[in-house]
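Me: I have a sequence and a model to go through. Can we take the fold step by step?

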Amino acid sequence: MLEVRQLGSRYGRIPALHDVNLRVGAGELVALVGANGAGKSTLLRTISGVQPMSAGAIGFEGRDLGALSARQRVQAGIVQVPEGRQVFAPMSVEDNLRLGAFARGRASALEQVIGFFPVLRDKRRQPAGLLSGGQQQMLAIARALMAEPRLLLLDEPSMGLAPRLVAEIFGHITALRARGTTVLLVDQNARAALSVADRGYVMEAGRIALEGDARALLRDAQVQRAYLGL
Ligand code: ATP
């Protein structure tokens with residue numbers, strides 16, 4: 001579904017991605033892990049088109065994304081849940097969800113989407129800024145689902161959440177995948193991310209350092225030492 005080839009990206013003169021190759025097959029859940037500053041967010045943002053690429057190519061369902069704007073990529077079905085949730089705080093939960101279907105999707109999907117996140121149903125008329133961190137994360141994911149993504153890019157969904165909520169968010173991600181959504185997941189919590197993924201990539205200093213079956217990566221001594229605290 002997604003094929004990233006020899007991708008580069010830079011912030012001004014400073015390179016952030018070098019020669020990145022990555023594939024996501026239809027229906028797969030792929031985890032991208034690595035230390036702070038490794039380039040994981042930059043890679044997601046370059047795929048969604050909010051960060052320009054400086055080299056390489058991105059193919060999506062046989063189309064070259066290079067010439068497409070971020071908005072056109074949403075319309076093609078690539079939808080990102082940004083790091084830090086970025087919900088529209090003064091707007092109601094329901095209006096946040098409706099906005100999710102602005103460029104793609106159907107406003108009529110609202111009842112179905114809210115059905116996946118019962119906690120949002122009780123709060124639908126409240127300003128999103130009054131929700132807890134975990135509820136805002138669910139809203140950010142639900143807002144993305146309103147666009148009926150073909151490929152969902154999830155950036156740090158467990159950031160800053162208590163362990164019980166991390167488990168709940170990862171439960172939702174597993175359920176999404178079971179319903180057939182293709183997911184590329186970035187998370188600092190390498191163990192949680194690799195535990196739900198089919199395959200994984202490890203990034204270091206803007207490059208892909210390792211890739212493979214997610215369970216094999218969890219058992220890899222180098223990954224265990226560097227990212228799993230073993
Ligand atoms: P984190 O988990 O901390 O977000 P990450 O793996 O997602 O880490 P990126 O945020 O992609 O890493 O950052 C990759 C590199 O690019 C880092 O060296 C970072 O300092 C740099 N960088 C990120 N955003 C910018 C920016 N807006 N301007 C300049 N440099 C940036």
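Some questions and answers on the chain and one of its sheets follow.

Reply: This is a predicted model: local features need pLDDT of at least 70, side-chain atom pairs count only at pLDDT 80 or more, and totals for chains, interfaces and linings use all residues. Residues are numbered from 1 along each chain as its sequence is written, and side-chain values use heavy atoms, without hydrogens and water.

Me: What radius of gyration does the protein chain have?

Reply: The radius is taken over C-alpha atoms, and the globule rule is 2.2 Å times the number of residues to the power 0.38. For 230 residues, that rule puts a compact globule near 17 Å. The chain agrees, with 17 Å.

Me: What share of the 230 residues is buried?

Reply: Buried means under 20% relative accessible area, with a 1.4 Å probe and protein chains only. By that cut-off, the buried share of the protein chain is 48%.

Me: In what order do the 4 strands of the open sheet run?

Reply: Strands are DSSP runs of E, at least two residues, and helices are runs of H or I, at least four, numbered from the N terminus. Two strands pair if DSSP finds at least two bridges between them. The pairing here is antiparallel. Strands E2 (14-24) and E5 (63-64) are the edges, each pairing on one side only. The order is E2-E1-E4-E5.

Definitions and conventions. Buried means under 20% relative accessible area, exposed over 50%, partly exposed in between (1.4 Å probe, protein chains only).
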